[in-house]
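Today I'm looking up a metal site and the ligand beside my notes on it.

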Amino acid sequence: MNTPTLITVAATGAETPKSAAPGLPVTLAELVATAKACEAAGAALIHVHIRDGAGEPTLDLGQLRETVAALRTETDLIVQLSTGGAVTDPYAARIAVLEADPDSCSLTCGTVNFGTEVFMNPWPFMVELYRETQARQIVPEFELFDYGHVTALNRLLDKEGSPFGGHVHCDLVLGVPGGMPGTAVALLAAVAQLPAGASWSATGIGRTALPVALAALAAGGHLRVGMEDTLTMAPGQPVRDNEELVTRAATLATLAQRPPMTTAAARSLLNVKTRTVEGRP
Ligand code: KMH
Ligand code: ZN
């Protein structure tokens, strides 16, 4: 039996304004509606950035807590909060995200040029964030934008031990201007250096979305898709909403005879802690 495909939806991100993509979920109601639609279409994990009342990225803790509770109440998706935030967010606020008690969080394994900006993840920040995930029993997803990030991940695990849950799960982000190119060759080179037993998903930014997804499926990886990463289905064809991208990913995965993984199977793969929320059994 082929391994089912864990589909992650990265629904919003911190970079795109609502004015540039009307289907982008920026309010809590829009995010919950997106999450429900994407779960029905085959997603099992949601990677979450939130926006404030003006549609700007925020790490406001009260809003993050409300978001986690709403997603837990309305869906069975694994809730993963971004600790990357926006390139302007300070380190302390990025670590404080964990106080919202998500199932999982992103943890980027190194600094990377990010278009005209720099996404900062120096070693001491990585270590502090990692220790906080262990203390709070939150499963980290290691974000790898560049080949050297894989080296840093291996070093982190060597020095700081296993993540909460004992299983290492990574997400390779290719095609960021300044990071690894969105090609099958780059993907396979990075995957070859992952720790033994690790699971991984991959996403290609912009027009690299399809080649990266197809290469990931062929190589036994999982898929991340969403409007954080991709805003066109094809040249000149804007993405309508996140569900459209998840549906395409589910179709590709099914064609590859690796259909979408259920939320229960994804929880078991990543060993997320069972957390309850009022109003939900
Ligand atoms: N918005 C990027 C600067 C993450 O979510 O952890 C960082 C990012 C990675 O999106
Ligand atoms: Zn993100």
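I started with the zinc ion (ligand 2): its donors follow the spacing H-x1-H-x178-E along the chain. Donors here are N, O and S atoms within 2.8 Å of the metal (3.2 Å for Na, K and Ca), and water is not among the atoms, so sites may look incomplete. I noted that this is a predicted model, where local features need pLDDT of at least 70, side-chain atom pairs count only at pLDDT 80 or more, and totals for chains, interfaces and linings use all residues. Residues are numbered from 1 along each chain as written, chains are lettered from A and ligands numbered from 1 in written order, and side-chain values use heavy atoms, without hydrogens and water.

Which residues coordinate the zinc ion? I found H47 (NE2), H49 (NE2) and E228 (OE), at 2.1 Å. H47 and H49 are both buried (under 20% relative accessible area, 1.4 Å probe, protein chains only).

Next I checked ligand 1. Residues around it (a heavy atom within 4 Å) include E15, S82, F114 and F119, along with H47, H49 and E228.

Then I looked up polar contacts (pairs of N or O atoms within 3.5 Å). An oxygen atom of ligand 1 is 3.1 Å from a side-chain N or O atom of H49. I also got 2.7 Å between a nitrogen atom of ligand 1 and a polar backbone atom of G85.

Conventions: Buried < 20%, exposed > 50% of the residue type's maximum accessible area, 1.4 Å probe, protein only. Polar contact = N/O pair within 3.5 Å; in protein donor to acceptor, adjacent residues only side chain to side chain.
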